[in-house]
Amino acid sequence: MKDKIIEKLNNLFKEDIVEVSEFRGELTIVVKKEKIVDVCKFLKEDQELAFDYLVDICGVDYFREKDRFAVVYNLWSLKNKFRLRLKVFVDESDLVVPSVTSVWSAANWHERETFDMFGIKFSGHPDLRRIYMPEDFEYYPLRKDFPLQGIPGSIPLPGQEKIKTQRG
Amino acid sequence: MEEKIDKIVESLGRRNIEAEIRQDPLGTEMILNVGPQHPATHGVLRLVLKLDGEYIVDAVPELGYLHRGKEKIAENMTFLEFLPHTDRMDYLAPLSNNTAYMLAVEKLFGIEAPKRAQYIRVILNELSRISSHLVWLGTFAMDVGALTVFMWCFREREKILSIFDIVTGVRFTTSYARIGGVAQDITDEGIHAIKEFIDNFPKELEQCEKLLNKNRIFIERTDGIGMITKEQAIDIGLSGPNLRASGVPRDLRKDEPYLVYNELDFDIPVYEEGDCLARYYVRLDEMKESVKIVRQCIEKLPSGPVKADEPKATLPKKEKVYTKMEELIHDFILTNFGGTPPVGEVYHAVENPKGELGFYIVSDGTGYPWRLKVRSPSFTNIQELKVRGKGNRRDDMVGRRGSIDTVMGEADK
Amino acid sequence: MGINTFNIEEQGFLTTKLSEFIRWAQRNSLWPMPLGISCCAIEMMAFAAPKYDVARFGSEFLRFSPRQSDLLIVAGTVTYKMARVVRKIYDQMPDPKWVIAMGVCTSTGGMYRSYAVVQGIDQFLPVDVYVSGCPPRPENLINGLLKIQELIKKGVPPKRDPIFI
């Protein structure tokens, strides 16, 4: 199965596959971020591979100069009972990744979560807004430079709000 | 009126619905806010419904009222220290979460628990599956108007919790699993209690079935309600009983056998209808299968250690820590720095009562996870309410919401 | 001390102060508003369910509407996003009202020292009784309820906000 996936992807997207690695029997393929939608569409629609089930999308902050963030796609093929992990790297200067909501509608909330936690924007997403934190929250909590205990006063408590308005 | 619309728009927080509301000058459509504190939302989910009379035009679920920042917390503690946090994710089945997390960590470290520990894990997993489904059955029956079932289900659930009390020492948030095994061995008293429970449970479950299966109100409020077709279920990414009620036979216990599930004989109940009634039957059958699994496990339970002998990853026994030098050093290192896993990333998923619970761990070679992502089944399952909310009746919303069985603790993380 | 019942059986009447009679009625029919947020909510359900059976103490009538209840049980981790909702529910309850902070998350933030969790609900809500445990066993919550009953018996008024009354 692994060889088949790599072979098929190499035939079609030879230049867009950056790296193929395996750890503990799990296959990870790093793809160029411009091509992620095409790769996903191919993987889903190919009769033999049939990765029709999107398990998860998440972000990772590697906290380094180049390619700081990564977006990880976990796929599952119902037909072959096989897992595949796709990965795209995102540089801090250009935090936009094409959205895969057109391929799987399950991607909708996962991408919103990634946006909420890392600030990675997904172009073409139908409804990209924060999912966990309040709308007016300014930071991205899962970035490595955000402190665990948060920034005091960034989300006001009920009582504090009133005091603020009373004082003007 | 203008002010009111502004307020609604503000609370919805989305721009494209604004235009839709303003296109309705007579105000025939009504916005109904359900939650975050509402008995029918089972937790702190907030649903904003746009109604046209009795029918739902649009449904917007809002999450985050229980977002506790677990993933961020995980990055700041060792692998073992994070264990108690997994209890509080899907708090209807804490033992399943413990096992799921530990399996992911063990995969990263490359170790395996001994056979006896694996069997104990399976027994407790299946018992917590029963206890989780019992809460679901009770609250779902309550949602559609039957209070007695709630009382009976909780009576049975209390029996399981007292088994946990005997086996793990705690009745609810157990933190029982350890890297490479379980915290302590199961006692004869525990086995006896489990045997007694599984002998009586099918009869008690039958009583609940008698109340519901031919109850006209129950059938009418569930049959054909909240339909999800096979294609939709796969597209939304549903998992667990919800997916199997839509005719997709996906169960990780069979598809990617973990622990000792490939040595046990059990069936995966699958129903084709995809409505609330099918989801009820799937869960009911699953409870019966779980009883079967527990019974087999108790018969097959091998003797031996309950924790792997891997000094670099598993905590040594307490007696040895107090008497031996090497064990003391290992204990100190593991507690303070949390072992040395290889650099890499793993994903391991198990079949939880709610669906596929997966942990994706990125390790940089230290004892702290660099990134830990929880793939929670409830999070994806709630999406169903948004996608399939349109065109249904308002009063069916409660049943549909209940039949999906989500826990906000893991959906919000 | 409350009502002396020895007269009822013999002579068919009793004497008491009206205020004590009201307090007796009040403490034996506290209607809780179960604000179940997370794990503690499940133990709170067990507290009302058959084995622990809070009906013995007159509080089995869980009202899901704040307007009909006089005891707020905050069960579970309160996040900053949820804090506004909790306060709103408290404000909707009629006086006199009591608050139980159930579990350590609610009382102090507990194991969640993170950016999203309020470190103790007493930062924005007056709390009468704190119940320890993560989550507390149902017995412990019953104990908390009895503590509230004792407060009423002694005639201690419920705590009030220093900032906005």
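Figure 1. A:R85 is buried, at a relative accessible area of 2%; buried denotes under 20% relative accessible area, exposed over 50%, and partly exposed the range in between, with a 1.4 Å probe and protein chains only. This is a predicted model, in which local features need pLDDT of at least 70 and side-chain atom pairs count only at pLDDT 80 or more, whereas totals for chains, interfaces and linings use all residues; side-chain values use heavy atoms, with hydrogens and water left out. Residues are numbered from 1 along each chain as its sequence is written, and chains are lettered from A and ligands numbered from 1 in the order in which they are written. The residue A:R85 belongs to strand β5 of chain A, residues 82–90; strands (E, at least two residues) and helices (H or I, at least four) are DSSP runs numbered from the N terminus. Residues up to four places away in sequence being set aside, A:R85 touches A:E26, A:L27, A:T28, A:I29, A:V72, A:Y73 and A:N74, together with B:E345, B:V346, B:Y347 and B:Y360 of chain B. Contact here means heavy atoms within 4.5 Å.

Figure 2. Chain A has 4 helices and 7 strands, which from the N terminus on run α-β-β-α-β-β-β-β-α-β-α. Its C-alpha atoms fill a box of roughly 65 × 30 × 30 Å along the principal axes. Of the 168 residues in chain A, 56% are buried. Among contacts in chain A with a separation of 6 or more, 51% come from residues 24 or more positions apart.

**Figure 3. The interface of chain B with chain A.** In this interface, 53 residues of chain B are in contact with 49 residues of chain A. The area buried between chain B and chain A is about 4200 Å², and carbon and sulfur atoms give 55% of it. B:K72, B:W370 and B:F379 supply 16% of the area that chain B buries against chain A, more than any other three residues. Buried area is the accessible area (1.4 Å probe) that two parts lose on being put together, summed over both.

**Figure 4. B:H133 within helix α6 of chain B.** B:H133 lies in helix α6, which covers residues 115–143. With 0% relative accessibility, B:H133 counts as buried. Its contacts, leaving aside neighbours within four places in sequence, are B:P241, B:R283, B:E286, B:M287 and B:P353.

**Figure 5. The loop that holds B:I228.** B:I228 is found in the loop of chain B between α9 (216–222) and α10 (230–236). The relative accessible area of B:I228 is 3%, and this residue is buried. B:I228 and B:D275 are 47 residues apart along the chain, and their C-alpha atoms are separated by 6.5 Å.

Figure 6. Chain B has 18 helices and 8 strands. Its radius of gyration is 23 Å, close to the 22 Å that the globule rule gives for 413 residues, so chain B is as compact as a globular protein of that length. The radius is taken over C-alpha atoms, and the rule is 2.2 Å times the number of residues to the power 0.38. Along the principal axes, the C-alpha trace of chain B spans about 80 × 50 × 35 Å. Buried residues account for 63% of the 413 residues in chain B.

**Figure 7. The interface of chain C with chain B.** Here 32 residues from chain C meet 33 residues from chain B. The two chains bury about 2800 Å² between them, 69% of it on carbon and sulfur atoms. In chain C, the residues that lose the most area to chain B are C:I42, C:K81 and C:Y112, together 20% of what that side buries. Chain C itself comprises 6 helices and 4 strands, in the sequence pattern α-α-β-α-β-α-β-α-β-α. Buried residues make up 53% of the 165 residues in chain C.
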